[in-house]
Amino acid sequence: MSDFTYEKAQLTMTLRGMGITDSHVLSALEQIPRDLFVPPALRDHAYENASLPIALEQTISQPYIVAIMTAALQLTGRERVLEIGTGSGYQAAILSLLSRRVYSIERLRPLLVEAENRFRKLKITNVTTKLGDGSVGWPEGAPFDRIILTCAPAAIPVALLNQLKTDGIMVAPEGRGRDQSLVLIRRTEDGFEKQEVLPVKFVPLIEG
Ligand code: SAH
């Protein structure tokens with residue numbers, strides 16, 4: 001079986017060409033085998049810079065978006081990161097290399113079971129998962145240094161803002177339908193600073 005060395009190198013070059021310069025992020029994307037996170041029939045497309053369908057009408061994000069969001073979190077290796085929307089587990093696996101611990105919530109059990117199997121297979125031990133509605137966050141684990149959403153709420157849930165540490169960073173798609181942007185939120189002593197990064201298209205966050 002191919003180890004996709006050539007395809008991986010091509011993808012790294014594409015991402016560099018698109019302005020991704022963070023070497024830690026690029027090397028994490030090279031280390032995590034995206035082909036193990038996509039359905040077997042799509043394995044040959046795993047290193048294309050495209051989002052791909054996983055099960056249950058969900059998607060694994062485009063590598064460029066994974067790179068942008070991961071870089072925006074400015075990880076040093078010491079952070080506790082909360083992710084909403086485990087999906088295939090790919091984004092969590094990338095974060096596991098760049099932070100201390102990842103807490104990831106997924107509401108669809110079959111996806112979570114598969115993601116956990118992948119973490120086990122890849123010997124990733126610093127990802128803790130939970131089945132449930134991520135819009136309420138993970139109160140027992142809060143506060144978090146970083147929070148990332150990989151499904152889009154109409155508006156960022158207040159519970160998640162409350163679980164972000166002062167000086168913490170959150171990155172999330174926000175908005176419905178065609179009106180979605182990636183937003184970067186920083187918590188300061190005085191409140192929250194919010195910045196729109198680029199238009200995006202994520203699956204919706206479903207509450208409950
Ligand atoms: N990070 C994932 C992307 C998965 S797509 C990856 O790298 O593959 C977004 C995921 O968010 C889907 O799996 C969907 O089931 C999940 N999701 C939607 N609403 C949610 C909610 N309220 N809480 C937790 N997960 C949710």
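Visitor: What does Arg101 count as at its relative accessibility?

Guide: Buried means under 20% relative accessible area, exposed means over 50%, and partly exposed is in between, using a 1.4 Å probe and protein chains only. At 27% relative accessibility, Arg101 counts as partly exposed. Arg101 is found in strand 4, residues 101-106.

Before we go on: this is a predicted model, in which local features need pLDDT of at least 70 and side-chain atom pairs count only at pLDDT 80 or more, while totals for chains, interfaces and linings use all residues. Residues are numbered from 1 along each chain as its sequence is written, and side-chain values use heavy atoms, with hydrogens and water left out.

Visitor: What pLDDT does the protein average?

Guide: pLDDT is the predictor's confidence in each residue, from 0 to 100. The protein averages 97, and 99% of the residues score at least 70. Confidence is lowest in strand 2 (residues 59-60), with a mean of 95, and highest in strand 3 (residues 80-84), at 99.

Visitor: How many residues of helix 4 are buried?

Guide: Helices (H or I, at least four residues) and strands (E, at least two) are DSSP runs, numbered from the N terminus. Helix 4 spans residues 90-98 and is mostly covered, with eight of its nine residues buried. Among them are Tyr90, Ile94, Leu95 and Leu98.

Visitor: How many salt bridges does a search of the whole structure find?

Guide: A salt bridge is a side-chain nitrogen of Lys or Arg within 4 Å of a carboxyl oxygen of Asp or Glu. The search finds five. In one of these, the side chains of Arg118 and Glu114 meet at 3.1 Å, N to O.

Visitor: Where do Arg118 and Glu114 lie?

Guide: An α-helix has 3.6 residues a turn, so residues three or four places apart point the same way. Here both partners belong to helix 5 (residues 109-121), four residues apart, about one turn of the helix. Arg118 is buried because its relative accessibility is 14%, whereas Glu114, at 39%, is partly exposed.

Visitor: Which residue forms a salt bridge with Lys130?

Guide: That partner is Glu140, with the closest N and O atoms 3.1 Å apart. Glu140 lies in the loop between strand 5 (127-131) and strand 6 (144-149), while Lys130 is in strand 5, so the pair ties together parts that are ten residues apart in sequence. Glu140 is exposed at 61% relative accessibility, and Lys130 is partly exposed at 23%.

Another salt bridge joins the side chains of Asp145 and Lys165, at 2.9 Å from N to O. Asp145 sits in strand 6 and Lys165 in strand 7 (residues 164-174), so this pair ties together parts that are 20 residues apart in sequence. Asp145 is buried, with a relative accessible area of 15%, whereas Lys165 is partly exposed at 31%.

Visitor: Which peptide bond is cis?

Guide: Look at the bond from Ala142 to Pro143, where omega is near 0°. Pro143 is found in the loop between strand 5 and strand 6.

Visitor: What phi does Glu57 have?

Guide: Glu57 has a positive phi of about 60°, although it is not a glycine. This residue is in the loop between strand 1 (52-53) and strand 2, and Glu57 is exposed, with a relative accessible area of 76%. Asp167, not a glycine either, has a positive phi of about 75°. Asp167 lies in strand 7 and counts as exposed at 62% relative accessibility.
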